[in-house]
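Here are some notes for someone opening this model for the first time. Please read them with the structure in view.

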Amino acid sequence: MARLFPTRTDAAVERSDDPAVLSLDDAATRDVIEALSSETAYEIFRLLNETPATPSRIADQLDQSVQNVHYHLEKLESAGVIEVTDTCYSEKGREMSVFVVSEDPTLLFLGTEDDRPSLKRAFKSFASLLGPPAVLLAAGESVSQLLSAE
């Protein structure tokens, strides 16, 4: 019998060219930092940055319980760094959300709201010289080093 519901997703990780910029005096900054402060949440974010995934797939890949993964997914989604992009179904017919990193890359800087316009201009100039993938890789490596230094 053919499957009536999709058990896999064709969702892809897509990024826009306009980064979200968080500064120290921005209320969303604390939420993002808190959401990524856990090692498990950070690993979930890294996994979703590579490929969209369901909570059960994330749990399997990270050797975590589905309940623990759901807890961290809720925090990451609330902070706006991931979102539901699709729905698929388990072998038992249960609906599962497919999560992916948010479309806009996020840039965290140690400045104030007043510095934001000049920082966005500088980031766009930098991105146009190197290309967005190189900038995202450099930003990801910087965040990785900051989090592993703790």
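1. A term first. A residue counts as buried when its relative accessible area is under 20%, and as exposed when that area is over 50%. The model discussed here is predicted.

2. Start with helix H3. Its buried residues are Pro55, Ile58 and Ala59. These residues lie on the same side of H3, because they cover an arc of only 100 degrees around the axis. They pack against H2, H4 and E3. Just after H3, Asp63 has a positive phi of about 55 degrees.

3. Next, H4. This helix has 14 residues. From its first C-alpha to its last it reaches 20 Å, close to the 20 Å expected at 1.5 Å a residue. Gly80 follows H4, and its phi is positive too, near 85 degrees.

4. Which residues of H4 are buried? They are Val69, His72, Leu73, Leu76 and Ala79. Their arc around the axis is only 125 degrees, so they sit on the same side of H4. On the other side of H4, Gln67, Glu74 and Ser78 are exposed. An α-helix has 3.6 residues a turn, so residues three or four places apart point the same way.

5. What covers the buried residues of H4? The cover includes H1, H2, H3, strand E2 (82-89) and E3.

6. Now the largest nonpolar core. It holds 21 residues. Ile44, Leu48, Ile58, Leu73, Leu76 and Ile82 touch the most other members. At least two residues of this core come from each of H1 (27-36), H2 (39-50), H3 (55-62), H4 (66-79) and strand E3 (95-101). H2 gives the largest share, 5 residues. In soluble globular proteins, nonpolar side chains tend to be buried together.

7. Leaving aside residues up to four places away in sequence, Leu73 touches Ile44, Leu48, Pro55, Ile58, Ile82 and Phe99. Pro55 and Ile58 are among the buried residues of H3.

8. Last, Thr29 in helix H1. Is Thr29 buried or exposed? Its relative accessible area is 4%, so Thr29 is buried. Beyond residues up to four places away in sequence, Thr29 touches Leu22, Ser23 and Leu108.

How values were computed. Residues numbered from 1 in each chain as written. Predicted model: local features only at pLDDT ≥ 70, side-chain atom pairs only at ≥ 80, totals over all residues. Heavy atoms only, no water. Core = buried A, V, L, I, M, F, W, Y, C linked by side-chain atoms within 4.5 Å. Buried < 20%, exposed > 50% of the residue type's maximum accessible area, 1.4 Å probe, protein only. Helix = DSSP H or I, 4+ residues; strand = E, 2+ residues; numbered from the N terminus. Contact = heavy atoms within 4.5 Å. Arc of directions from axis to C-beta. Expected span 1.5 Å × (residues − 1).
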